[in-house]
Amino acid sequence: MDVSFSRRGLFEGALAVTGALAVTASGGPLERARAAKHPGWVFGRMTGAEALTEALLAEGAACVYGIPGAQENELWDTFKDKGLPYLLVTHEFSAAAMADGYARSTGAPGVLCVVPGPGVTNSLTGLGEALLDSSPIVAIVGDVANGEKAKPFQVHALNQTELLRHVCKAVFPVQTVAQIPGAVRQAFVTARSGEPGPVAVVVPYNLFIEAHDFRCPPPAVPAPTFDEAAFQRALPFLADPKARIGIYAGAGCMAFPDELTAVAELLQAPVATSVSGKGVISECHPLAVGWGFGAHASEVAEKVFAGEVKHPLKSGVTTLLAIGVKFSEVSTGYYGNPQPKHVIHVDANACNLGRVLRTDVCVHADAGIFLGRLMACADKVRRPADAMLVARIRELKSDAAKELCAVPAAKCGVDPLALIASLRKALPEDAMLFTDVTVSEHLAAEHFRVTKPRTYFNPVDNQAMGWSIPAAIGAQRVHHGRTVATLTGDGCALMSALEISTAARESLPVKFFILDDQAYHYMQMLQKPAYLRTTATILAKMDYRALAQAFGVAYIEIVAHAELDAKVRGAVCHDGPVLVRVATDYGKRSIRWVEAVRKKYTQELSAAQKARFLARIGSRAIRGDKESD
Ligand SMILES: Cc1ncc(C[n+]2csc(CCOP(=O)(O)OP(=O)(O)O)c2C)c(N)n1
Ligand SMILES: [Mg+2]
């Protein structure tokens with residue numbers, strides 16, 4: 001993580017809070033009258049808990065995820081009093097993942113509220129996921145008492161602010177009751193602006209019951225970033241008629257699917273996406289080529305971007321236009337996206353620009369503004385329809401679709417790709433699928449076709465196992481009537497499955513698909529070729545039916561291909577929460593991401609390192625010493 005990123009956020013946030021306070025301190029009858037006319041203000045005499053709740057309501061928070069504690073009971077009671085919806089969770093990791101699921105599915109910051117000490121430390125993994133995946137979250141932390149109320153050795157007296165600083169874009173430690181609403185509102189602005197991310201507000205609990213005359217206006221929203229000079233430098237690359245342009249789009253484009261599609265059509269450019277960017281263009285669009293553009297991801301994208309000597313199209317992409325995207329390790333298959341001749345990189349966070357690929361022009365800009373400006377220059381960059389390109393993409397997509405149908409013989413269960421194909425058939429196009437850190441996440445990113453923004457979600461860059469179950473519940477809580485499903489491994493499920501009790505308690509009809517192979521297959525795929533054996537990868541044989549019964553959710557078991565489609569459909573159509581155990585046989589199913597990463601990683605080993613690996617494998621092969629786990 002780039003530390004300068006969070007420090008800058010912290011600094012800007014602190015300034016903005018001070019600004020809000022300046023207004024708070026100078027209120028008079030005139031301002032009171034003005035505030036009455038502006039319902040967006042937090043205004044009047046009330047307690048810190050009330051002001052905090054008013055600030056959350058003013059920012060449009062639709063749900064607070066979390067667990068109350070002695071420090072926050074006053075606050076939770078006020079949530080109820082003021083009609084702010086909340087959801088009690090079983091663990092604060094879930095609270096952060098749920099706020100993340102809310103954020104990714106709505107585009108607005110998700111809110112969690114946790115106790116200091118263990119509540120904070122439990123939430124760190126989920127906040128870290130949101131930070132690395134650019135997801136806006138506001139974490140409200142009730143801290144131990146401060147000022148006159150501070151005593152030595154208070155319960156939960158960890159340094160919350162320091163802990164949070166490492167997984168947040170900014171942290172606002174509040175010192176006085178007057179600062180509360182300004183800090184909360186600024187947290188929303190900071191979480192949303194530039195590259196989104198999590199922001200924490202830390203409030204000593206004694207301030208919740210202090211009363212104050214609040215006069216807190218809506219915060220100023222910074223103008224979106226746009227580097228016009230860099231845009232002008234980028235234009236000639238895009239206007240060059242000899243250039244073959246390819247677009248690589250990420251989550252930064254999620255709010256602008258129509259603009260991105262229009263720009264792709266204008267430039268006649270194939271569009272590949274990062275994993276988090278799936279959905280920024282319909283993958284059914286004639287120019288969409290799927291995830292990535294290297295050997296690790298969509299084969300369609302790889303061929304179209306690299307060019308094919310044997311095809312009349314021949315030339316691949318010469319000029320890459322990367323928009324609202326980082327070239328992060330997982331999404332690029334260990335930095336396996338090839339280097340095009342020219343690269344233009346556009347992103348709202350200057351710290352992300354030009355860090356991985358050699359880049360001709362870095363444009364510090366919000367994706368939406370950049371796309372709009374490009375459309376305004378349409379006459380300079382427009383290209384004639386490229387029928388040959390479109391035909392080739394169609395052909396390659398049809399080849400890929402055939403692979404989806406070619407199910408290898410599974411000995412004792414279901415092939416994971418067959419499950420992914422079946423899910424695609426059964427889930428409505430606007431359903432939301434939350435995938436987890438199973439090795440199947442790479443199969444899903446490659447093959448699960450997405451046609452709408454904010455319908456496909458993965459914990460990409462922190463790879464926090466167990467994320468999908470709570471994230472899906474968090475999204476379902478605010479998307480009534482939408483189908484929400486998880487695709488999770490059994491190892492991931494073991495980390496957060498108790499959260500299914502929350503879905504049961506609240507009748508949130510999430511469909512929990514669990515790939516049960518009683519193993520960390522992901523680790524086995526990485527370990528076996530390198531060590532000729534596996535270590536610490538075998539999981540418990542679980543009675544999932546009994547687990548579902550204990551939660552009080554419906555149960556479906558899929559153990560053979562013959563029943564796959566019907567049972568997946570049955571689960572999707574069930575009107576309540578349902579746990580679906582899919583007995584999974586990975587067999588010899590190869591995964592492009594794993595193969596490509598292994599190859600790239602091996603290539604980068606030194607000669608001595610390679611020799612040591614090979615010698616160890618050789619001696620184990622000769623000894624027949626292959627004991628696993
Ligand atoms: C919290 C956490 N711990 C450990 C890991 C390392 N890890 C990544 S995938 C994985 C195994 C996943 O197993 P499972 O959920 O059963 O999926 P499978 O590959 O078997 O389908 C592990 C241990 C991680 N990413 N996150
Ligand atoms: Mg497994």
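1. Along the chain, the donors of the magnesium ion (ligand 2) follow the spacing D-x26-D-x1-A. The residues concerned are D490 and D517, each through OD, and A519 through O, and they coordinate the ion at 2.1 Å. Because D490 belongs to helix α18 (residues 490-496) whereas A519 sits in the loop between β18 (511-516) and α20 (521-531), the pair ties together parts that are 29 residues apart in sequence. Please keep in mind throughout that this is a predicted model.

2. Which order do the strands of the six-stranded open sheet take? The order is β11-β10-β9-β12-β13-β14, and the pairing is parallel. The edges are formed by β11 (288-291) and β14 (361-364), each of which pairs on one side only. Averaged over the sheet and ignoring direction, neighbouring strands are turned by 15 degrees against each other.

3. At one end of that order, strand β10 (residues 271-273) runs parallel to β11 and is joined to β11 by three bridges.

4. The next two points concern helix packing, for which the description rests on the angle between the two axes and the distance between them. Helix α3 (residues 48-58) and helix α4 (residues 73-81) have axes that come within 9 Å and cross at roughly 50 degrees, which means that α3 is oblique to α4. The crossing of α3 past α4 is right-handed. On the α3 side the contact involves A49, E50, L52, T53 and L56, which meet E74, L75, T78 and F79 of α4. By class, the residues of this contact of α3 with α4 are five nonpolar, two polar and two charged.

5. How is α3 placed against helix α8 (residues 180-192), in distance and angle between the axes? The axes of α3 and α8 come within 8 Å and cross at roughly 25 degrees, and α3 therefore counts as roughly parallel to α8. Here too the crossing is described, with α3 passing α8 in a right-handed sense. G48, A51, L52, A55, L56 and A58 of α3 meet I180, P181, V184, R185 and F188 of α8, and the contact of α3 with α8 divides into nine nonpolar residues, one polar and one charged.

Methods: Residues are numbered from 1 along each chain as its sequence is written. Chains are lettered from A and ligands numbered from 1 in the order in which they are written. This is a predicted model: local features need pLDDT of at least 70, side-chain atom pairs count only at pLDDT 80 or more; totals for chains, interfaces and linings use all residues. Side-chain values use heavy atoms; hydrogens and water are left out. Two strands pair if DSSP finds at least two bridges between them. Helices (H or I, at least four residues) and strands (E, at least two) are DSSP runs, numbered from the N terminus. Axes are lines fitted to C-alpha atoms, for helices over the stretch in contact, and angles run from 0 to 180 degrees between N-to-C directions. Angles under 35 degrees count as roughly parallel, over 145 as roughly antiparallel, 65 to 115 as roughly perpendicular and the rest as oblique. A crossing is left-handed if the near helix is turned anticlockwise from the far one by less than a right angle, and right-handed if clockwise. Contact means heavy atoms within 4.5 Å. Ala, Val, Leu, Ile, Met, Phe, Trp, Tyr, Cys and Pro count as nonpolar, Asp, Glu, Lys and Arg as charged, and the others, Gly among them, as polar. Donors are N, O and S atoms within 2.8 Å of the metal (3.2 Å for Na, K and Ca); water is not among the atoms, so sites may look incomplete.
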